[in-house]
Amino acid sequence: MPGIWTKEQIEAWKPIVDAVHAKGGIFFCQIWHAGRASNASFQPNGQAPISPSDKVIRDEQFTPPRKLSTEEVPLVVNDFRVAARNAIEAGFDGVEIHGAHGYLVDQFLKDEVNDRTDKYGGSMENRCRFALEIVEAVASEIGADRVGLRLSPFTDYMQSSDSNPKALGLYMAKTLNAYNILYCHMVEPRMIFIEEKVECLHHSLVPMREAFKGTFMCAGWYNMDDGNKAVSENMADLVAYGRLFLANPDLPKRFELNAPLNKYDRKTFYTSHPVHGYTDYPFLEASLDSKDEKDT
């Protein structure tokens, strides 16, 4: 999905990666596949999107998918391996495999979508096979110390839920230890929500954090205080921020100074405009300068 499968794309990423490194940043490329969460207009020759099943997302923007054959699944695993290799060639420090939020890997993991009867479906172990084969392939290609995996066992994005999310999350957390990857990045159960209202759920990532022996990262509706608490109480090693970081390009500095935050505009998320809603939020200095001008 980032566009990292051709030589031209590799070359196009290089100056971007160099710019991040020049600022002292560490840059991982999140590699993922939309699976059935796509439309035929985006597919080669207008073909149907692929998925572990032929179940349709109940939304007219998505095209009915085609169920992958058993023999085709390893070909997609290899696509992830090639993408990881290309990302390293482009200069990225590593890759995060996106196995969350109703995209292809998550579609295989969740029993609401995956109704297969071959070795990639049925039992939890079989449903997790695709994700773990990708982890193994990518780690073998670029080194396990350059690989992270993002999971969201509790979420139901893109109508991809599981009947036993806690067991799914625990199984993946425990099994990942065999691959010695750099980190596991897991989304909080509270990310099941309607618009901006978060539901209170009696679930926790702590069992997964305790099961996974490497670096554990959590995400999902954290503010500064929540993030500090999660790390100080050993609920996670790292906290990931999405909305707040999008609206505050200098979020770490704002946290350090306990400065006010820009408010994000959800209407601009996932739009095709190259600037509006992505690179037009002000830095702290600009915000303060603007305030001073208004005060005077």
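Strand β1 (residues 28-31) and strand β4 run parallel, with four bridges joining them. Strands here are DSSP runs of E with at least two residues, helices are H or I runs of at least four, and both are numbered from the N terminus. This is a predicted model, where local features need pLDDT of at least 70, side-chain atom pairs count only at pLDDT 80 or more, and totals for chains, interfaces and linings use all residues. Residues are numbered from 1 along each chain as its sequence is written, and side-chain values use heavy atoms, with hydrogens and water left out.

**The sheet**

- Six strands make an open sheet in the order β1-β4-β5-β6-β9-β10, with parallel pairing; two strands count as paired if DSSP finds at least two bridges between them.
- At the edges sit β1 and β10 (238-240), each with a single partner strand, so one side of each has no neighbour in the sheet.
- On average, neighbouring strands of this sheet are turned by 25 degrees against each other, direction ignored. Axes are lines fitted to C-alpha atoms, for helices over the stretch in contact, and angles run from 0 to 180 degrees between N-to-C directions.

- All six residues of β4 (residues 94-99) are buried, so the strand is largely enclosed by the rest of the structure. Buried means under 20% relative accessible area, using a 1.4 Å probe and protein chains only.
- G94, E96 and H98 point one way from β4, while V95, I97 and G99 point the other way.

**Nonpolar cores**

- The largest nonpolar core has 59 residues, and I31, I97, F130, V138, M172 and L176 have the most contacts inside it. Such a core is a set of buried Ala, Val, Leu, Ile, Met, Phe, Trp, Tyr and Cys residues joined through side-chain atoms within 4.5 Å.
- Helix α5 (residues 129-142) gives this core its largest share, nine residues.
- Another core, of five residues, lies apart from it, and A34, A37, I57 and F62 are among its members.
- Beyond its neighbours within four places in sequence, V138 is in contact (heavy atoms within 4.5 Å) with residues including I31, F80, V95, I97 and V147.

**A helix over the sheet**

- Helix α6 (residues 165-176) lies across β5 and β6 (183-187), running at about 170 degrees to β5.

Definitions and conventions: Buried means under 20% relative accessible area, exposed over 50%, partly exposed in between (1.4 Å probe, protein chains only).
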